[in-house]
Amino acid sequence: MTGDILMLGSTNESTYAAGEALMENGWDIGGSGGALRTLACCIGPARCEMSCYDTLEVTKRITDTYISQLHRPELPYKFKFKLSGCANDCANSIQRSDMPVMGTWRDNIQIDHEEVGKFIAEKGESYVIDNVVTRCPTKCISLKNKKIVIDDKDCVHCMHCINVMHKALAPGKDKGVTILLGGKRTLKIGDTMGSVIVPFMKLDTDEDMEKLIALISRIWEFWGENGMEHERVGEFIERVGLGTFLENIGIEPDPQMVKHPRTNSYIKFEEYTAPLMGGEPKGPPSVVNKEIEEKETTY
Amino acid sequence: MTTPVKKLAPRDNGAPDYKKYLHPMMVKNYGKWKYYERVKPGVLKHVAHSGDVLYTVRAGSPRTLSVDTVRKICDVADKHCQGFLRFTTRCNIEFQVTNPESVEPLIKDIHEILGFPVGGTGNSISNIIHTQGWMHCNLPGTDAAGSVKALMDMLYEDFINERLPQRVKISTSCCQINCGGQADIAINLQHHHPPKINHNNMQICELPKTVAICPVAAIRPMTVNGKQSLDVVEEKCMYCGACHGQCPSMEIRDPQTDTLAIWVGGKAASTRGGPSFMKLATFGLPNNPPRWPEVGDAVRKILDAYKETGKDYERIGEWIDRIGWKRFFEMTGFKFTKYHIDTYRHARTTFNTSSHVRL
């Protein structure tokens with residue numbers, strides 16, 4: 001799952017020799033501890049028609065940019081990227097990476113009506129209703145006069161209809177990525193999935209790539225500075241709050257980041273709370289105040 | 001004078017050029033694929049806009065490979081696939097050929113030279129993801145490769161056929177850190193008592209780090225026989241074993257009491273209802289090497305019920321959502337107990353807060 005090769009069974013001496021030989025041949029060794037872990041991605045455009053961005057190229061770019069962090073543990077805890085070309089998430093990114101990057105599109109699903117006709121002729125209308133129309137999570141797809149009609153503004157790009165009718169339907173042409181943050185396996189706070197922090201961004205050009213790198217750097221800076229020992233970025237967000245986190249990495253809140261707005265009414269509106277009402281400047285949020293943290297964790 | 005031994009200073013080589021390692025047909029049609037077909041279980045056909053066709057034969061691998069086996073795999077790839085192959089995230093090996101005539105000879109060699117099964121595509125049980133286990137992890141309470149071998153022997157027919165309602169992914173984990181991950185069916189080890197502390201050997205550990213890693217703050221400093229050590233508040237401890245990862249002198253494993261539990265309904269993809277976590281199905285199965293027959297029986301019960309009533313495109317979690325947990329427990333014969341009711345953070349969000357009941 002890591003994409004790393006693990007070589008087992010060497011002695012102390014031969015481990016050094018093997019490591020040197022691997023590095024001399026252009027491979028890196030490492031990727032453990034509180035460091036950037038080896039990136040993983042799906043097969044992407046190399047052999048998949050569904051991939052919405054170049055997962056292999058972005059994997060290489062992020063690896064090369066942050067190769068130092070892969071070898072020199074300098075983060076509060078491990079950080080994993082997994083990149084999937086579409087919502088099928090073959091890289092298992094939402095559940096198993098700190099920063100899932102998922103391919104998506106923002107225009108309309110491409111429909112080949114001739115292929116739709118062939119599919120219905122072969123499988124029958126009721127198959128299409130049972131397995132495509134009623135399985136759509138937002139009920140935005142319907143079958144009218146043997147034609148597929150999609151209300152694309154309600155589509156959440158889940159890929160299901162495309163998976164079933166993959167000759168007839170295809171992702172749109174205006175492709176990009178959705179970026180999430182905070183997935184991890186069970187230890188400590190229980191399993192967490194990544195949650196959306198960037199609903200959509202293009203990831204085609206060098207400038208797009210620079211934007212992504214800048215975002216990663218801002219996240220690492222804030223989490224690196226304020227995260228506690230062994231605190232994954234998802235746990236950190238849970239502690240400081242997603243609102244505070246967004247403010248500090250410079251991203252505007254967006255309704256796509258939550259399943260629904262909050263339901264509990266106990267809110268500290270900063271604008272209404274002293275000392276801001278007296279016009280005094282706003283200090284750092286108390287949840288990330290280093291002094292308080294050190295007091296709590298003094299051993 | 002001998003040359004000083006280098007100490008593995010990182011070279012920062014960076015990621016290799018991936019295009020060097022892709023089949024030439026994949027490089028030629030990079031980003032220009034049109035559609036795919038499943039020719040038969042284990043064989044995929046990808047068609048590019050240019051009309052080029054690439055056949056992929058998927059074979060199950062035992063994941064941990066000897067150098068001899070790696071050489072044999074490479075020989076097969078050299079003979080049929082211009083020297084290229086790839087591994088999937090579930091540790092299947094994919095061999096690619098461009099000529100449909102080459103598919104059957106390739107499958108023959110995979111069977112005869114490697115002895116690997118061909119399958120794992122579509123609505124099958126793909127290769128089982130497992131953790132390191134007794135092979136080289138320092139924490140395992142049970143084996144991984146061995147239990148996977150025992151399970152896959154039983155599930156072989158479901159690997160080489162596509163006869164389930166939807167794909168089924170299985171994982172196993174040998175301790176409660178659960179590196180195996182979320183899956184449709186997961187077999188995970190459970191510990192049943194707090195770590196046993198070897199106070200005479202605690203000095204090898206970083207004690208503050210060990211205190212900090214406890215998710216329920218059950219560990220505190222204590223001096224034992226004049227030596228710095230740690231104490232575990234037993235009422236708080238939930239036997240997760242996080243401390244054991246930090247400090248080997250806090251032994252959580254116990255061959256006498258550790259058991260296995262089965263979890264169902266995990267799903268990674270954002271398709272349809274989105275990704276989901278797996279839920280406890282049954283527990284208290286004996287950790288019974290070398291074949292773990294009780295685990296095999298329980299997995300078989302789940303799969304039989306799923307095959308009987310699952311609908312097309314319904315993953316195990318989606319199937320249970322439709323038929324309800326009441327019917328799931330009835331069909332599998334597992335007993336629903338108080339331990340199935342969550343007690344951790346956000347437990348209340350898992351309760352039924354409607355009057356929707358199946359009667």
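In what order do the five strands of the open sheet in chain B lie? They follow the order 1-2-3-5-4, with antiparallel pairing. Here two strands pair if DSSP finds at least two bridges between them, while helices (H or I, at least four residues) and strands (E, at least two) are DSSP runs numbered from the N terminus.

This is a predicted model, in which local features need pLDDT of at least 70, side-chain atom pairs count only at pLDDT 80 or more, and totals for chains, interfaces and linings use all residues. Residues are numbered from 1 along each chain as its sequence is written, and chains are lettered from A and ligands numbered from 1 in the order in which they are written.

Back to the sheet: its edge strands, strand 1 and strand 4 of chain B, each pair on one side only. Strand 1 of chain B runs antiparallel to strand 2 of chain B, and six bridges join them. Within this pairing, B:Y35 has B:V47 of strand 2 of chain B as its bridge partner.

Angles run from 0 to 180 degrees between N-to-C directions, with axes fitted to C-alpha atoms, for helices over the stretch in contact.

| Helix of chain B | Strands of chain B touched or crossed | Angle |
|---|---|---|
| Helix 3 (residues 103-114) | strand 2, strand 3 and strand 5 | about 20° with strand 3 |

For the chain as a whole, chain B has eight helices and 14 strands, and its C-alpha trace spans about 85 × 75 × 35 Å along its principal axes.

How values were computed
Contact = placed C-beta atoms within 7 Å.
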